[in-house]
Amino acid sequence: MVPQELRSVGMVFQEGALFPHMNVVDNVAFGLRSNDAKEHALEWLARVGLSDYAERYPDSLSGGQRQRIALARVILKDAPILLLDEATSALDTEVEAAIQDTLNKMMSGKTEIAIAHRLSTIAHMDRILVMDNGKIIEIGKHSKLINNNYYYKNLFLDQSNNCLLYTSPSPRDR
């Protein structure tokens, strides 16, 4: 039996843990307690661009496909707390942006904890903690950190090929 506290946490890790003996649609529907779980799973597979893979098994999928399946499962779980550990690292930037948009909408009013090296994954967060050698060295929103001339800004510039473009603040920054 899983403690109630753990049921309120959705987790996706870099490896996108899936059950090897279950096909993709069953992996997404796993743990849902409704009669139409498979229909919901198929809907979310379509939203993450994997509806053609519903009957395949995890061993035939790429790392990015496994991550999208794990993300679809956690989105369907609709937990109040989401823990992402490099959960989009195997995705190309276009797919990551679409999934981030979905996560941003579904996580409104919820807690999301994300661990990432790709700063585009965390730029929308309410609070970013920048760590170096196990110590927190900066804290703030992306809009604040990018204006400091410190570690986060340098990482951001490195990842964006030294192009610092002005972007309007997101609704969360206002």
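Q: What does the secondary structure of the protein come to?
A: You get 7 helices and 5 strands, where helices (H or I, at least four residues) and strands (E, at least two) are DSSP runs numbered from the N terminus. Along the sequence, the pattern reads α-β-α-α-α-β-α-β-β-β-α-α. This is a predicted model, so local features need pLDDT of at least 70 and side-chain atom pairs count only at pLDDT 80 or more, while totals for chains, interfaces and linings use all residues. Residues are numbered from 1 along each chain as its sequence is written, and side-chain values use heavy atoms, leaving out hydrogens and water.

Q: Why are H3 and H4 called oblique to each other?
A: Helix H3 (residues 37–47) and helix H4 (residues 63–77) pack at about 130 degrees, with axes 10 Å apart. Axes are lines fitted to C-alpha atoms over the stretch in contact, and angles run from 0 to 180 degrees between N-to-C directions. Under 35 degrees is roughly parallel, over 145 roughly antiparallel, 65 to 115 roughly perpendicular, and the rest oblique. H3 and H4 are therefore oblique.

Q: Why does Ile136 count as partly exposed?
A: Buried means under 20% relative accessible area, exposed over 50%, and partly exposed in between (1.4 Å probe, protein chains only). Ile136 has 46% relative accessibility, so Ile136 counts as partly exposed. You'll find Ile136 in strand S5.

Q: How much of the protein is buried?
A: Buried residues make up 36% of the 174 residues.
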